[in-house]
Amino acid sequence: MIAWKSWYVVMSRIEDYSKWIIDKTVRYYGSAARDHKDSFIRTYSEEELDSLFADERLEDSRYYYILELLGGESASEVLLAFHLAVAVYLYPDFAGMVAQQSGGVSLRLAMEIGKKAGQDNVKTYSELYEGFIELSKLLKVDAGSKNFIDARLSADETLIIYLEGNTMIPEKLEGIATLYPLMEESTKLYGMDAVRNELSALFKYRSETEDSFFIQISGVYGSGRRTLVKAAADKQDLGVVFFDYLKVRSLSREEKEKLLWYALREAILYDAALCIYGIEADERGDTSREIVKWMESILELDDIQVVFCTDENIELAPSTDRAVERLDLSIDDMSERIEVWKGYSEEFGYNIDCEYYASKYILPPGQLKKMFMALKRKNVGNDIFERKLYESGLEVIKKPEYGNILSTKSDAKLESLKLPEEQKTKIFEICDYIKNGYQVFEKWQMSKTVKYGKGMTALFIGRPGTGKTMAAECIAGSLGLPLYHVNLSQILDKYIGETEKKLDKIFEYAQVSNVLLFFDEADALFGKRSEVKDARDKYANAEVSYILARVERFSGAAILATNLMENIDEAFMRRMRFVVNFPIPDKAIRAEIWRSSFPEATPTEDLDIDYIADKCELAGGHIKNIVIKSVFLAAARKRKVTMLDIMESIRDEYNKLGKNINISEFFPEYAHYVKQHSIFK
């Protein structure tokens with residue numbers, strides 16, 4: 001293997017090297033060529049030819065590297081064909097002469113020129129075919145010929161630029177492929193030393209042996225798969241051609257094969273590994289199967305290393321007859337997460353408690369880096385680091401396919417919850433569980449006895465408006481986590497298996513986006529299993545069992561809310577770390593809710609909050625509706641908010657609940673107000 005950074009730049013000599021094949025070709029054509037007027041298209045003396053290869057740097061040149069790839073002196077016909085293709089590209093007059101005499105460059109023409117020049121290295125048919133395969137990796141092949149010996153071969157601009165010593169990706173691959181490294185550079189990698197060493201060892205073994213195998217690196221989006229490839233390649237002084245399969249996925253098979261050929265050639269030219277990324281499983285099945293088959297059928301790949309970066313659901317081994325070495329990247333390993341946090345905090349100049357943040361934020365390295373970059377751009381200091389980290393997270397995480405992220409940047413805190421002390425205590429315990437996960441499972445090594453089900457799962461039970469959603473928002477706000485509110489109407493599907501697929505995507509998204517997962521009306525999704533009476537019942541029970549297992553595997557934080565506790569399957573209750581009952585607030589708490597609902601800037605006049613709280617046994621959600629309506633009524637009437645506005649709003653809220661009340665009878669102490677306003681009569 002030629003060292004990645006060791007080639008000398010040879011600019012002007014490429015034209016000189018072509019004189020050798022021009023001399024042989026002119027001698028082959030005889031008088032038909034000797035009369036050509038171009039000063040280059042002629043025969044050359046032995047002294048002239050000898051001087052072409054006198055430069056001691058030749059053996060370090062790219063041209064010489066290509067000749068070695070094609071077999072050196074033992075592959076004379078193959079080398080002649082390559083020389084011919086390059087010379088034809090460089091000299092249009094020479095190309096015209098070859099086209100006129102022989103129709104173009106082919107392996108047959110190279111064989112005849114070699115024979116005329118006295119070369120007696122006669123090869124078998126199979127040896128010639130092997131030589132043709134090697135040429136087809138570097139030169140374009142006209143697919144019109146039925147016989148490989150007569151197939152037309154041609155060089156292109158990219159190959160010539162490469163031979164001249166310049167480095168570039170073909171125009172056809174712009175936006176699709178990249179070459180690493182283009183300059184002297186190294187890749188920073190945090191928290192993956194063990195897997196980097198493993199991949200580096202595979203690269204080394206592959207370069208030193210004839211053992212041919214694929215390497216698969218699987219992980220979630222942002223888990224650092226390509227960064228890992230770069231870091232491992234650095235250790236072996238190896239280049240990498242990265243090919244984005246997602247960019248070509250929608251193209252026809254023929255178009256994809258052409259682009260893949262260019263990428264494969266780049267890997268060969270630069271003695272680099274080929275890394276194909278963006279391979280994801282879709283609804284139709286495993287897309288890795290077709291691309292692996294192309295890799296096997298288009299070219300013999302024994303001379304390059306091929307790495308596939310896939311998502312976790314791709315099973316590559318069943319798609320190929322070749323051996324597959326699979327490396328899985330996980331974001332669940334706490335010690336690695338701490339190293340990632342340490343690496344980026346030092347790189348971007350932050351002095352933070354990395355153990356604390358790594359235990360609370362389960363983020364892929366790629367996403368975490370984006371967040372640090374955003375913080376640095378905004379010149380965020382250590383004093384407001386956590387709050388701004390939350391905001392940056394909202395900016396960089398992908399939008400979920402189902403449901404939505406509540407990204408209001410609210411300042412809702414646990415202290416603002418109006419709940420009995422028992423419920424408040426449980427809410428604080430939920431936050432403590434999330435904060436202290438590292439201390440318990442890693443430092444105190446509870447993970448040795450708790451193999452799964454280490455995530456935080458809580459069930460909120462209560463009537464509508466009792467504060468379940470607000471409590472979830474306060475937990476998210478206090479922890480600095482985005483709240484992912486799942487829209488159940490988009491998840492439930494009448495077709496067998498579809499609900500599970502959608503739910504799986506939700507949990508996968510939550511795992512890599514570090515959000516607090518919130519299922520409202522969870523009884524619709526996590527309901528009781530029933531007695532099996534027909535096929536539908538059997539499937540429904542299987543669906544619930546699947547959901548049970550998926551919840552237990554989830555290592556993040558999830559809150560389920562329900563109005564109907566009796567509809568929740570008992571098995572779910574066993575899997576809940578916390579169960580919080582949200583009661584209808586008593587008089588004292590209702591009064592707190594009423595008072596906290598009017599900001600200081602809202603003008604009010606003679607509001608009897610204690611009286612209202614005593615008369616109206618309503619949950620916080622209903623109180624919020626009443627307050628909002630009363631404030632708008634006052635604004636429309638161009639005066640302060642009064643008891644009259646509140647009483648009217650209370651009447652309308654009770655009407656929505658199916659209870660028609662008489663204001664005079666419901667608020668007898670304020671009957672005199674009622675008589676003065678015809679709206680209540």
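Helices here are DSSP runs of H or I with at least four residues, strands are runs of E with at least two, and both are numbered from the N terminus. This is a predicted model, in which local features need pLDDT of at least 70 and side-chain atom pairs count only at pLDDT 80 or more, while totals for chains, interfaces and linings use all residues. Residues are numbered from 1 along each chain as its sequence is written, and side-chain values use heavy atoms, leaving out hydrogens and water.

**Helix 16**

Helix 16 covers residues 365-377, and its end C-alpha atoms are 18 Å apart, in agreement with the 18 Å that its 13 residues should span at 1.5 Å a residue. That expected span is 1.5 Å times one less than the number of residues. Its buried residues (buried means under 20% relative accessible area, with a 1.4 Å probe and protein chains only) include Leu-368, Met-371, Phe-372 and Leu-375. The buried residues of this helix pack against helix 14 (334-347), helix 17 (385-396) and helix 21, where contact means heavy atoms within 4.5 Å.

Strand 11 (residues 483-486) and strand 12 (residues 516-519) run parallel and are joined by four bridges, with Tyr-484 opposite Leu-517 in strand 12.

**Cores and a buried aspartate**

A nonpolar core is a set of buried Ala, Val, Leu, Ile, Met, Phe, Trp, Tyr and Cys residues joined through side-chain atoms within 4.5 Å. The largest has 77 residues, and Phe-82 is among those that touch the most other members. Setting aside neighbours within four places in sequence, Phe-82 contacts residues including Tyr-63, Ile-66, Leu-135 and Leu-163. A second, separate core of 48 residues includes Leu-419 and Ile-559.

Asp-244 belongs to strand 5 (residues 239-244) and is buried, at 9% relative accessible area. Beyond its neighbours within four places in sequence, Asp-244 contacts Ile-176, Tyr-277 and Gly-278.

**Aromatic pairs**

The structure holds 32 aromatic pairs. Rings of Phe, Tyr and Trp (its six-membered ring) pair if their centres lie within 6.5 Å; planes under 30 degrees apart count as stacked, over 60 as edge-to-face and the rest as tilted.

| Pair | Type | Centre to centre | Angle between planes |
|---|---|---|---|
| Tyr-611 and Phe-667 | tilted | 6.1 Å | 50 degrees |
| Phe-666 and Phe-667 | edge-to-face | 5.0 Å | 80 degrees |

Tyr-611 lies in helix 25 (residues 609-615) and Phe-667 in the loop between helix 28 (663-666) and helix 29 (671-676), so their pair ties together parts 56 residues apart in sequence. Tyr-611 is buried at 12% relative accessible area, and Phe-667 is buried at 0%.

How values were computed:
Two strands pair if DSSP finds at least two bridges between them. Buried means under 20% relative accessible area, exposed over 50%, partly exposed in between (1.4 Å probe, protein chains only).
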